[in-house]
Amino acid sequence: MLAEAGRDTIDLLKIDIEGAETELFRAGQDAWLSRTRNMVVELHGDEAVAAFEAALGPYRHERRMSAESTICTQMSPRRP
């Protein structure tokens with residue numbers, strides 16, 4: 001979708017996919033996470049939370065909760 005829109009980065013990504021978060025964060029997420037600056041996501045279940053935590057491990061970000069949403073801001077890949 002980024003290429004189709006002619007964009008290199010995602011300024012704000014809102015994810016509310018009612019339980020499909022596990023699949024989203026388990027495979028192929030580096031292709032778009034590395035290009036995402038801010039994200040709001042609703043996580044449903046322990047498995048989704050674990051996949052989310054693992055996927056965001058390589059990224060610096062600030063995180064906070066607002067009701068059911070996890071908000072990640074100032075995201076950037078960690079430098080080795």
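**Strand pairing and an aromatic cluster**

Glu-62 sits opposite Thr-73 in E4. Helices (H or I, at least four residues) and strands (E, at least two) are DSSP runs here, numbered from the N terminus, and two strands count as paired if DSSP finds at least two bridges between them. The model is a predicted one, so to speak of local features takes a pLDDT of at least 70 and side-chain atom pairs count only at pLDDT 80 or more, while totals for chains, interfaces and linings use all residues. Residues are numbered from 1 along each chain as its sequence is written, and side-chain values use heavy atoms, with hydrogens and water left out.

On confidence, pLDDT is the predictor's own score for each residue, from 0 to 100. The chain averages 92, with 99% of its residues at 70 or more.

E3 (residues 59-66) and E4 run antiparallel and are joined by seven bridges. They make a hairpin with two residues between them, and Ala-67 in the turn has a positive phi of about 55 degrees. E4 (residues 69-77) also runs antiparallel to E2, this time with four bridges; Val-40 has Ile-71 in E4 as its bridge partner.

Next come the rings. A pair of aromatic rings is described by the distance of the centres and the angle of the planes. Rings of Phe, Tyr and Trp (its six-membered ring) pair if their centres lie within 6.5 Å; planes under 30 degrees apart count as stacked, over 60 as edge-to-face and the rest as tilted. Searching the whole structure turns up two aromatic pairs. Phe-25 and Trp-32 have ring centres 5.7 Å apart and planes at 55 degrees, so this pair is tilted. Phe-25 and Phe-52 are edge-to-face, at 5.2 Å centre to centre and 90 degrees between the planes. Taken together, the ring pairs tie Phe-25, Trp-32 and Phe-52 into a cluster.

As for accessibility, buried means under 20% relative accessible area, exposed over 50%, and partly exposed in between (1.4 Å probe, protein chains only). Phe-25 has a relative accessible area of 2%, so it is buried, and Phe-52, at 0%, counts as buried too. Trp-32 is buried as well. Ile-17, in the loop between strand E1 (13-15) and H2, has 35% and is therefore partly exposed. Ile-17 and Gly-57 are 40 residues apart in sequence and 21 Å apart in space, C-alpha to C-alpha.
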